[in-house]
Each structure stands twice: as C-alpha cells, then as structure tokens.
Amino acid sequence: MTAAALLTYAAAVGVAGPLMLRGPRWAHRSPGPALAVWLGLSLSFIAAVILAAAQAVPPDGRVHIGLIGLLHACGLALGTQGDAPGAQEAALAVASWIPAVAVALWVGFWYGRALLQGRRWRRRHAAAVDLVGRYAPRHQAVVLQHDAPAAYCLPGRDPRIVITQGTLDTLSPLQLAAVLAHERAHITGRHHLVLAAVEAFGRAFPGLPLARQSHTEVALLLEMLADDRAVRRHGGDAVAVALCEVAAGSAPTGAFAAGGSGALVRMRRVLTPAPAQHLALRSTILLAAVLTPAIPFLVACSA
C-alpha cells in the first residue's frame, strides 16, 4: 500500500509539477527560489521512486525495520532496545533494499557521467581556445579573433571566460564589464554542477515531463541569476544592451553564453524589472522547496 502511495505521489510530481511551475511570473521575479523549487521537486521524485522500490519486497511493510535489518547485516550496532532481527530477517531486509539501491545507482551513474563528459569537453575546448586565442589580463578573459560579438564561459576547476574581438569593438567599457560579471557569476556559482544534475535527471527518467522541462527552465533561471548579479554591479541598461549585442553571437553547446537561453525574455526582464517579492514570501518558497524532498519519507514512515 505504501509503495502505491509513493508511486502515486511520484507520478503527481513528475506530471503535474511542471504544469504548476511553468508560466507564473513569480519564478522570473525570484529565480533563486524558483530554481530551488525545481530542484526540490526533482529530488522529491527521486526519493519517492527509491522508497517505492524499497517497498516492493518489504520484510514486514515498514521502512524502519528494513533499515535496521540492513544495518545489522552490515555489522553495525544500533544501540536500540529489543531483539535484533534474525539472520533470515536481516537477509530479507537487505534483499528488500536491492531495488532501491539499484535506482539510486542508476541516477548516480547518469550524474557522474554528465559531470565526466562535461569536464572532458570543457578541457578539450579550453585547450583549443588557449591555442587560437590570446589572454587579455585586463579583462581576465581569452580573446578570439572574430568579428561577431560573443561571450561565454567554461566553468570548472580551471575556468575560462571567452570573448571575441567583436565584443571588444562593439561594447562600451561598462557593457563589457557587465558581460564579464555575468560570466563570472556562472563560474563562482558553479552553475555547471546544477545543469549536470538536471541533465542526468532527464537521462535517468526520459519522457518524464518534470525531467524533460527542468533542463530548459533551470538553464533560463541560472541565466537570470547571472543577469541579476551583473545588474547589481553595473546597472540594468548596460546589461540589457550587452545582451542585445551578444545575443546573435554563436557559442559552443555546453558553455554558458551571455546571450544564451531566453535572451529576449531576459532583456525584457532587465529593462522592466518587476517589484521584488516580499522577503516572507521568498522565505516561504525556499522553505517549501527544502522540505519537499522529505515528503516521500513522511509517506513511507507513516505506514
């Protein structure tokens, strides 16, 4: 019965979740809390699937007994009162968690694969950029000889900000500073780790609406977060004009480009900023996002 409840919850989150999150203006007004909600729903879905798998062959239908059996089978003392499960019960408890561990390993495999592939691609591209470009200490960026304005970054352990000569020729010093601040926000915020997570989620659960739409929405929210940091330092006008200039420039797939995801929506957002949401509302949204992954555990333990 618990497994059915968990699967029903997972289906509701995976299908109805994106319908509730797409479109509302509050998401663009507060990209940070909105990003937390997307990630919280994804984690909640994964937790529900893992716990449902654990309930597929439960020793006695309760999650905590399975955990006790698993820990005893591993030789760990729990310090709890009462008789410990016997060898047979412990074996059943371990067997009951095999499907759950398989699901967790499946998700972990895709996340590790996304991280590894992204790191390899960034390393190869950085080597090529260093070979054909020149490093500009003043801008702390690699400059490529290309007439079209473009700017992007390669985050990671050895990050790069890449701009074209057309960017230097087209943008004013203030606009260029805004673009560089935008790219640095991606690097310091480690946004590539978040994108790798949603990419792995999509590959682990292909066809799931939540997984299919999270990558696009999360990528846009990350760009908005970087825009906001640039606006705070250099003003909205400089950011909007810079976005307009570099929007037509090409950037390699996998890099964070200043004129990337949803450039038109972001320009409108920067030029006509909506009133900031009340602190209490933002705090409530963040709290709900943090607590959402705990719902499947409450459902499982309630049995």
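Author: Begin with the term pocket: an open set of grid points with protein on both sides within 12 Å along at least five of seven lines. The model here is predicted. Its second largest pocket holds about 490 Å³ of space.

Reader: Which residues are the closest to the centre of the second largest pocket?

Author: They are His-28, Arg-29, Arg-269, Pro-273 and Ala-274, out of 19 lining residues. Helix H2 (25–29), H10 and helix H12 (263–271) each give two or more residues to this lining, and H12 gives the most, with four. By class, the lining has eight nonpolar, four polar and seven charged residues.

Reader: How is the packing of two helices described?

Author: By the angle between their axes and the distance between the axes. In this model, helix H10 (residues 209–234) packs with helix H11 (residues 236–246) at an angle of about 130°, and their axes are 7 Å apart. H10 and H11 are therefore oblique to each other.

Reader: Which residues of H10 and H11 meet?

Author: From H10, Asp-227, Ala-230, Val-231 and His-234; from H11, Gly-236, Ala-238, Val-239 and Leu-243. Five residues of this contact are nonpolar, two polar and one charged.

Reader: What lines the largest cavity?

Author: A cavity is a space where the probe fits but cannot get out. The largest has a volume of about 50 Å³. Its lining includes Asp-227, Val-239 and Leu-243, which also take part in the contact of H10 with H11. Helix H8 (173–188) and H11 each supply at least two lining residues. Six residues of the lining are nonpolar, one is polar and one is charged.

Notes
Residues numbered from 1 in each chain as written. Predicted model: local features only at pLDDT ≥ 70, side-chain atom pairs only at ≥ 80, totals over all residues. Heavy atoms only, no water. Axes fitted to C-alpha atoms, helices over the stretch in contact; angles between N-to-C directions. Parallel < 35°, antiparallel > 145°, perpendicular 65-115°, else oblique. Contact = heavy atoms within 4.5 Å. Nonpolar A, V, L, I, M, F, W, Y, C, P; charged D, E, K, R; others polar. 1 Å grid on protein atoms, 1.4 Å probe; cavity = no way out; pocket = protein on both sides within 12 Å on 5 of 7 lines; lining within 4 Å. Points joined across faces, edges and corners; volume = space filled by probe spheres on them.
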